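Me: Hi! I have a protein model open and would like to talk it through. Can you help me get my bearings?

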Amino acid sequence: LGYSVFLIDKLLEKYESKNIHLMYDIACILDKQLKKYKVDVLDRISLSIPIFQCFGHKFSCQVIFNPRKTLGIGLTDGEGMERLWSYLGKFSSITKEMTPENRIDLLTDALIYYGQKKKQKLGASLVTKIEKSKKLLETSEQVLKDLLSPFQGTDKETIGNWLNAEIIHASSKQVNVDDEMNWKHQYVMNLEKLFSHRAKIDLYG
Ligand SMILES: [Zn+2]
């Protein structure tokens, strides 16, 4: 987690804006660490877990860090990095016989190309996304209205209160980092320990 915290510090240094939202596979663990050691950082950033990763987490993580329950990030899924890995995956067979230098050269070219394409498409893709979101909002409002019609007195505000109550309940379930971790969390923590021990050995060895 040291590396993520380092990157967050760099981001906050560069962008003074208060509205930085980060999506990270283990945002729940990062959040706990920040609460313990760098609580002021949490005033300037908010966190959520990429949408497909989120389902691998326990109930309370899914409630608190679900991107669909995070205000202000629209329908962003947080899977951008996965798309980049998938693009780069195509180069594994063509570059595997190359010398490391040539391989780095080719992958650099591929990444520059990927970045340029992304930038070129950004305008059009934002327009498509906003159109899609508007339609989805309309449909969702209608479906919600139909669903709520048999229940007199239940409106959006009531649902907002339920959602808040759910988050409060889930937050109370978020126990100590060491108490309840699924194997992925434990694995990451163990790796972190291993690296820190290794660094110490290198230092004195
Ligand atoms: Zn989690």
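Reply: Happy to! Let's begin with the metal: the zinc ion has the protein donors Cys28 (SG), His57 (ND1) and Cys61 (SG), which lie 2.1 to 2.3 Å from it. Donors here are N, O and S atoms within 2.8 Å of the metal (3.2 Å for Na, K and Ca), and water is not among the atoms, so sites may look incomplete. This is a predicted model, where local features need pLDDT of at least 70 and side-chain atom pairs count only at pLDDT 80 or more, while totals for chains, interfaces and linings use all residues. Residues are numbered from 1 along each chain as its sequence is written, and side-chain values use heavy atoms, with hydrogens and water left out.

Me: How are the donor residues of the zinc ion spaced in sequence?

Reply: The spacing is C-x28-H-x3-C. Cys28 sits in helix H2 and Cys61 in helix H4 (residues 59–65), so this pair links distant parts of the chain, 33 residues apart. Helices (H or I, at least four residues) and strands (E, at least two) are DSSP runs, numbered from the N terminus.

Me: Is Cys28 buried or exposed? And what about Cys61, buried or exposed?

Reply: Cys28 is buried, at 1% relative accessibility. Cys61 is buried too, with a relative accessible area of 0%. The cut-offs are under 20% relative accessible area for buried, over 50% for exposed, and partly exposed in between (1.4 Å probe, protein chains only).

Me: New topic: charges. How many salt bridges are there?

Reply: The count comes to six salt bridges, where a salt bridge is a side-chain nitrogen of Lys or Arg within 4 Å of a carboxyl oxygen of Asp or Glu. As a general idea, side chains of opposite charge can pair when their charged atoms come close.

Me: Which residue does Lys38 form a salt bridge with?

Reply: Its partner is Asp9, and the closest N and O atoms are 3.3 Å apart. Because Lys38 is in the loop between helix H2 (27–37) and strand S2 (45–48) while Asp9 is in helix H1 (residues 2–14), the pair ties together parts that are 29 residues apart in sequence. Lys38 is partly exposed at 27% relative accessibility, and Asp9 is partly exposed at 27% as well.

Me: What about Glu13, which residue does it pair with?

Reply: Glu13 forms a salt bridge with Lys10, with 3.7 Å between the closest N and O atoms. Both residues lie in helix H1, three residues apart, which is about one turn of the helix. Glu13 is exposed at 56% relative accessibility, whereas Lys10 is partly exposed at 42%.

Me: And where do Asp31 and Lys35 lie?

Reply: Both are in helix H2, four residues apart, about one turn of the helix. Asp31 counts as buried, at 11% relative accessibility.

Me: Let's go to the surface. Which residues gather in the patch of positive charge?

Reply: They are Arg68, Lys117, Lys118, Lys121, Lys129 and Lys132. Patches are made of residues with over 30% relative accessible area and no salt bridge, joining like charges within 9 Å and nonpolar side chains (Val, Leu, Ile, Met, Phe, Trp, Tyr) within 5 Å. Lys and Arg count as positive and Asp and Glu as negative, while His and the chain ends are not counted. The place of a charge is NZ of Lys, CZ of Arg, CG of Asp or CD of Glu.

Me: Where is Lys132, then?

Reply: Lys132 is in helix H7 (residues 100–148), and at 62% relative accessibility this lysine counts as exposed.

Me: Which residues form the nonpolar patch?

Reply: Tyr3, Phe6 and Leu7 do, with about 350 Å² of accessible area together. Accessible areas come from the Shrake-Rupley method with a 1.4 Å probe, and for residues only the protein chains shown count as cover. Leu7 lies in helix H1 and is partly exposed, at 40% relative accessibility.

Me: Last one: where does Gln174 lie?

Reply: Gln174 is in the loop between helix H8 (156–173) and H9. Its relative accessible area is 17%, so Gln174 counts as buried. The C-alpha atoms of Gln174 and Lys129 are separated by 34 Å, and these residues are 45 apart along the chain.
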